[in-house]
Amino acid sequence: MCMTVREIVALLDAQVLLGAEHMERKVESACGSDLMSDVLAFVKENSALITGLTNQHVIRTAQMLDINCIIFARGKVPGEDILQRARELDLVVLTTDKTIYTTCGILYKNGLYGAEKRA
């Protein structure tokens with residue numbers, strides 16, 4: 001099952017930092033991690049990345065994997081340099097006050113699952 005960004009925003013009571021024009025964008029799976037090497041191993045395209053990291057590694061990882069939505073957990077808001085790079089890549093960027101664990105649980109419970117490890 002996939003979910004739209006609009007549905008994710010509603011479920012997580014999230015704030016849209018970038019990409020409000022993409023509320024109907026489809027998200028096919030999700031991954032919650034602060035370890036970008038795990039994200040590289042498990043994520044497929046059109047995914048949401050849930051993280052508490054607010055550095056350039058998150059944006060680079062999203063770019064490499066064609067992730068289309070980044071959700072910053074625990075109320076984190078990245079700096080303007082990070083947001084500018086995300087804007088250039090046409091990413092949706094959200095923030096939620098929920099923890100990574102809770103965010104993943106809510107999305108999973110509502111039908112947005114994770115990807116299996118890449119072969």
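At 41% relative accessibility, Tyr113 is partly exposed, a class that lies between buried (under 20% relative accessible area) and exposed (over 50%), judged with a 1.4 Å probe and protein chains only. This residue belongs to a predicted model, in which local features need pLDDT of at least 70, side-chain atom pairs count only at pLDDT 80 or more, and totals for chains, interfaces and linings use all residues. Residues are numbered from 1 along each chain as its sequence is written, and side-chain values use heavy atoms, with hydrogens and water left out.

**Aromatic pair**
- One aromatic pair is found in a search of the whole structure.
- Tyr108 and Tyr113 form this pair, which is edge-to-face, at 4.7 Å centre to centre and 70° between the planes; rings of Phe, Tyr and Trp (its six-membered ring) pair if their centres lie within 6.5 Å, and planes under 30 degrees apart count as stacked, over 60 as edge-to-face and the rest as tilted.
- Tyr108 is exposed, its relative accessible area being 52%.

**Fold**
- The chain contains five helices and seven strands, taken as DSSP runs (H or I, at least four residues, for helices; E, at least two, for strands) and numbered from the N terminus.
- Along the sequence, the pattern is β-α-β-β-β-α-β-α-β-α-β-α.

**Burial and contacts**
- Of the 119 residues in the chain, 46% are buried.
- Among contacts (heavy atoms within 4.5 Å) with a separation of 6 or more, 54% join residues 24 or more positions apart.

**Dimensions**
- Along the principal axes, the C-alpha atoms of the chain fill a box of roughly 30 × 30 × 25 Å.
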